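Dear colleague,

Please find the structure below, handed over for your use.

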Amino acid sequence: MQIDFTSVPKHYASRTHEKMRDVLMDPDGVGPAIHYYMIRGGVDQKNVTVWEPGTISGEYIKTYGHYHVGDLSETYWIIYGQGVALLQKLAEDKNGEMIPDIVAEFRAIPAKAGDEIFMPEKFGHLVVNTGSTYFVTIDDSPVDFEDRDPTSFPGHADYEPVKKMRGFA
Ligand SMILES: [Fe+2]
């Protein structure tokens with residue numbers, strides 16, 4: 001069997017500075033070309049995320065942040081480094097739709113190697129690397145490899161409210 005080593009491996013994704021400018025406090029700030037790297041294996045193999053250390057105009061390197069579509073929770077296991085998980089639940093209108101600019105509940109959870117963080121359903125979440133080394137986590141969120149671009153922006157996740165508000169509270 002021929003293996004094509006020139007194609008991008010199907011499990012690998014990265015989040016570039018260009019993409020992260022959507023949600024940076026200072027979109028014109030100087031940062032690394034790639035803010036974090038992912039190897040996405042889904043529920044069975046798990047997902048690995050590696051954050052670069054550092055700050056961009058005073059803001060720590062963070063993940064983009066998203067809400068889950070449907071009633072899906074998620075667990076993160078911290079493997080290395082130290083960071084802070086930010087969780088926020090938006091207010092909902094009378095139809096049950098999230099209101100992007102009204103945060104009903106906000107949590108900041110410090111995390112270091114050995115810790116486990118539970119992201120309850122309905123809570124948007126992002127994780128910040130506050131240490132001087134890589135920050136590394138494992139999580140169990142699903143990846144649908146039938147999706148158009150499953151590893152980069154998986155279909156179970158809604159990034160739009162985060163993009164609209166240019167980040168979290
Ligand atoms: Fe998630």
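In sequence, the donor residues of the iron ion follow the spacing H-x1-H-x5-E-x50-H, where donors are N, O and S atoms within 2.8 Å of the metal (3.2 Å for Na, K and Ca) and water is not among the atoms, so sites may look incomplete. Within this set, histidine 68 in strand β6 (residues 67-68) and histidine 125 in strand β11 (residues 124-129) are 57 residues apart and link distant parts of the chain; strands (E, at least two residues) are DSSP runs, numbered from the N terminus. The protein donors are His66 (NE2), His68 (NE2), Glu74 (OE) and His125 (NE2), at 2.1 to 2.2 Å from the iron ion.

Please note that this is a predicted model, in which local features need pLDDT of at least 70 and side-chain atom pairs count only at pLDDT 80 or more, while totals for chains, interfaces and linings use all residues. Residues are numbered from 1 along each chain as its sequence is written, and side-chain values use heavy atoms, with hydrogens and water left out.

The angles among the four donor atoms run from 82 to 169°, and the site is irregular. Four donors count as tetrahedral if all angles lie between 85 and 135 degrees, and four count as square planar and six as octahedral if opposite donors are over 155 degrees apart and all others between 65 and 115; anything else is irregular. Histidine 68 counts as buried because its relative accessibility is 11%, and histidine 125 is likewise buried, at 3% (buried means under 20% relative accessible area, exposed over 50%, partly exposed in between, with a 1.4 Å probe and protein chains only).

Seven salt bridges were found in the whole structure (a side-chain nitrogen of Lys or Arg within 4 Å of a carboxyl oxygen of Asp or Glu). Lysine 62 and glutamate 59 form one of them, at 2.9 Å from N to O, and both residues are buried. Salt bridges that share partners also join Glu18, Arg21 and Asp28 into one network. Here arginine 21 meets aspartate 28 at 3.2 Å, N to O; arginine 21 is partly exposed at 28% relative accessibility, whereas aspartate 28 is exposed at 62%. A further salt bridge joins aspartate 115 and lysine 112 at 3.7 Å, N to O, and aspartate 115 is partly exposed, with a relative accessible area of 24%.

Yours sincerely

Key
Helix = DSSP H or I, 4+ residues; strand = E, 2+ residues; numbered from the N terminus.
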